[in-house]
Amino acid sequence: MEDGGGARVTRRALLGVAAAAGLAAAGGCSSGPGKPAAPPPPDPQTVLIGELIADKERLVSLYGRAVAALPGRAAALEPFRQRHAAHARALRALLPAGNAPTTPAPSSSGSPAAAPSGSPSDGSPEVSVEALRDAERTAAAARPGQTATASPALAQLLASIGACEAVHVVALGRLRG
């Protein structure tokens, strides 16, 4: 072979460059120790239970403020608050070990996170029986949609909670007069 005047590339040099390029490409594709793996997505059931607990805590708080603001109705309203606290405890019992509920962002599931006008969450100090009734109605209306994605055990609990909230709507209607 005749040299055409240019630089000559040996087979050894060509193999060295190919090997170096292969190592560089392989190194760029790995997730070495400097790059942590993405955490797994949260379990949808655990997220739902966390949202439900937060909703229940808001209702317990709303009833607590109502008991304080309406002393003439405190004895009648306290059992409602206690039932919601019991619901929150039952929901916490379904959480997997080591999963403490975090307060989620307001959900779009139609849950009590969207508090009715005139409730304490919009800054007004007054809590009325009608505001409690609206919160119960909103909560009860959200339960059927939530049971559609829940595990069987959670769906049963949600159905019971929803029934209780629906009865609260009727019972609070009798307290107004």
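A salt bridge is a side-chain nitrogen of Lys or Arg within 4 Å of a carboxyl oxygen of Asp or Glu. The legends below concern a predicted model, in which local features need pLDDT of at least 70 and side-chain atom pairs count only at pLDDT 80 or more, while totals for chains, interfaces and linings use all residues. Residues are numbered from 1 along each chain as its sequence is written, and side-chain values use heavy atoms, with hydrogens and water left out.

**View A. Arg-92 and Glu-57 form a salt bridge.** The closest N and O atoms of Arg-92 and Glu-57 are 2.3 Å apart. This pair links distant parts of the chain, 35 residues apart, with Arg-92 in helix 3 (residues 74-93) and Glu-57 in helix 2. Helices (H or I, at least four residues) are DSSP runs, numbered from the N terminus. Arg-92 has a relative accessibility of 35% and counts as partly exposed; Glu-57, at 37%, also counts as partly exposed. Here buried means under 20% relative accessible area, exposed over 50%, and partly exposed in between (1.4 Å probe, protein chains only).

**View B. Within helix 2, Arg-58 and Asp-55 are three residues apart.** Their side chains meet in a salt bridge at 2.3 Å, N to O. About one helical turn separates Arg-58 from Asp-55, because they are three residues apart in helix 2. Asp-55 is buried, with 2% relative accessibility, whereas Arg-58 is partly exposed, with a relative accessible area of 31%.

**View C. Glu-165 and Arg-143 are joined by a salt bridge.** Between Glu-165 and Arg-143, the closest N and O atoms lie 2.9 Å apart. Glu-165 belongs to helix 5 (residues 152-176) and Arg-143 to helix 4 (residues 129-147), so the pair ties together parts that are 22 residues apart in sequence. Glu-165 is buried at 0% relative accessibility, and Arg-143 is buried at 3%. A network of salt bridges links Lys-56, Arg-143 and Glu-165. The structure as a whole holds six salt bridges.

**View D. Gln-45 is placed in helix 2 (residues 44-69).** With 19% relative accessibility, Gln-45 counts as buried. The side chain of Gln-45 reaches the backbone nitrogen of Ser-151 at 2.8 Å. Leaving aside residues up to four places away in sequence, Gln-45 touches Thr-149, Ala-150, Ser-151 and Leu-154, where contact means heavy atoms within 4.5 Å.

Terms used:
Helix = DSSP H or I, 4+ residues; strand = E, 2+ residues; numbered from the N terminus. Polar contact = N/O pair within 3.5 Å; in protein donor to acceptor, adjacent residues only side chain to side chain.
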